[in-house]
Amino acid sequence: MKNNFLFLMIAVVAMFRVNAQNTDTKVILITLDGFRWQELFTGADSLLIGNNDYVHEADLLKEAFWRDTPRERREALLPFIWGQIEEMGQIHGNRKLESKVDLTNSMWFSYPGYNEILTGTADDENIRSNDKVPNPNTTILERYNSTPEGKGKVAAFGSWDVFPSIVNEERSGVPVNAGFEKATDNLNAKEEFLNELQDQIPSPWGTVRLDAFTHHYALEYMKKEHPKLVFISYGETDDFAHDGDYQSYLKSAHNTDALIKDLWEFTQQNDFYKDQTVYLITTDHGRGTEPLDTWRSHGSDINGAGSVWMIAFGENVQPKGEVDTEEQLYSNQIAATVLKILDMPIPKEIEGKPMKL
Ligand SMILES: [Zn+2]
């Protein structure tokens, strides 16, 4: 009898612990705009890295990122992903190994891609341009922000200035710092300096800022406010590609890999996030390969621009490494996956099913 009671107590305590752990999980959802699966899995492209049309310092670029094998090339380009994430998480979308991740929207450009990722349902009827139209659909950020547990515990950061519309900042109440917006409200010293620097370091583009600003605004906010659901969208890769600047595209991808490592190292030494955070990383669309110049472009007329990839690591994510078995995942599954991790109900209007991580 005594033994049974003890056993029951242990079981109750165990259940409680599992429960507490689930509801405490934080999610950091990251995107690299228009970064191709080809570079993720095979590193620098042999047809582009020495090509004078797209590269102005081929020798320097090759020294940094050219190696004999695809495995070495990807490790040189993305050392955190292929050095640490591969060991602790899952990397989906290497089509050469029959692991496929695809968009379900048929537009293959940014707003429709982010709408699909953030709402879990493609909307080809309404989301057909990158215009700054407030999103009629509800994102997971908005859903979480409208629960007692999530209220005020959600934040979005983007390099592209369309995110306030994609997240529908006004209706959702989710704070979005995007484009050339500055940090506001009880600024710390770093945020004050970032605000100053953002004016003094001109971006190459009119609607997209350099990713270091997006990154550090996000990081400082996380230190101060401890959001439980964070969305960070890095944008440089897409814009350097449109510019036809393969050199900067690679350097930016390499830098973003280091920024993600920086986030991981912060969360692993912060009590609020340590060992209770899941990272999901993906992209809003692919780009072309054939003819060669289509690496710069995407959209429904570009072959292959609907092919994407997905990375997951962190709390309770099985370490499968690079997935090398046949599978078919879709970008519309990310929203449901995030809701499941956050222990939220999945509404029936969400088309994608949660992934088993
Ligand atoms: Zn683009």
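## A mixed sheet, a zinc site and a helix pair

In strand β11, residue E327 is the bridge partner of S99. The model is a predicted one, in which local features need pLDDT of at least 70 and side-chain atom pairs count only at pLDDT 80 or more, while totals for chains, interfaces and linings use all residues. Residues are numbered from 1 along each chain as its sequence is written, and side-chain values use heavy atoms, with hydrogens and water left out.

Strands and helices are DSSP runs numbered from the N terminus (E, at least two residues, for strands; H or I, at least four, for helices). Strand β3 (residues 99–102) runs parallel to β11, the two being joined by 4 bridges, and K100 stands opposite Q328 in β11. Two strands pair if DSSP finds at least two bridges between them. The open sheet has 3 strands in the order β8-β3-β11, with mixed pairing. Strands β8 and β11 are at its edges, each with a single partner strand, so one side of each lacks a neighbour in the sheet. In β11 (residues 327–330), E327 and L329 form the covered face, whereas Q328 and Y330 form the uncovered one.

The zinc ion has as protein donors D238 (OD), D238 (OD), H242 (NE2) and H298 (NE2), lying 2.1 to 2.7 Å from it. Donors are N, O and S atoms within 2.8 Å of the metal (3.2 Å for Na, K and Ca), and because water is not among the atoms, sites may look incomplete. Along the chain the donors follow the spacing D-x3-H-x55-H. The pair H242, in helix α12 (residues 236–242), and H298, in the loop between β7 (277–282) and β8 (307–308), links distant parts of the chain, 56 residues apart.

The table uses relative accessible area, with buried under 20%, exposed over 50% and partly exposed in between (1.4 Å probe, protein chains only).

| Residue | Relative accessibility | Class |
|---|---|---|
| H242 | 33% | partly exposed |
| H298 | 15% | buried |
| S110 | 4% | buried |

S110 belongs to helix α6 (residues 110–119). Leaving aside residues up to four places away in sequence, S110 touches D33, N130, W160, D284 and H285, where contact means heavy atoms within 4.5 Å.

Helix α5 (residues 79–88) and helix α13 (residues 246–268) have axes that come within 8 Å and cross at roughly 45°.

Key: Axes are lines fitted to C-alpha atoms, for helices over the stretch in contact, and angles run from 0 to 180 degrees between N-to-C directions.
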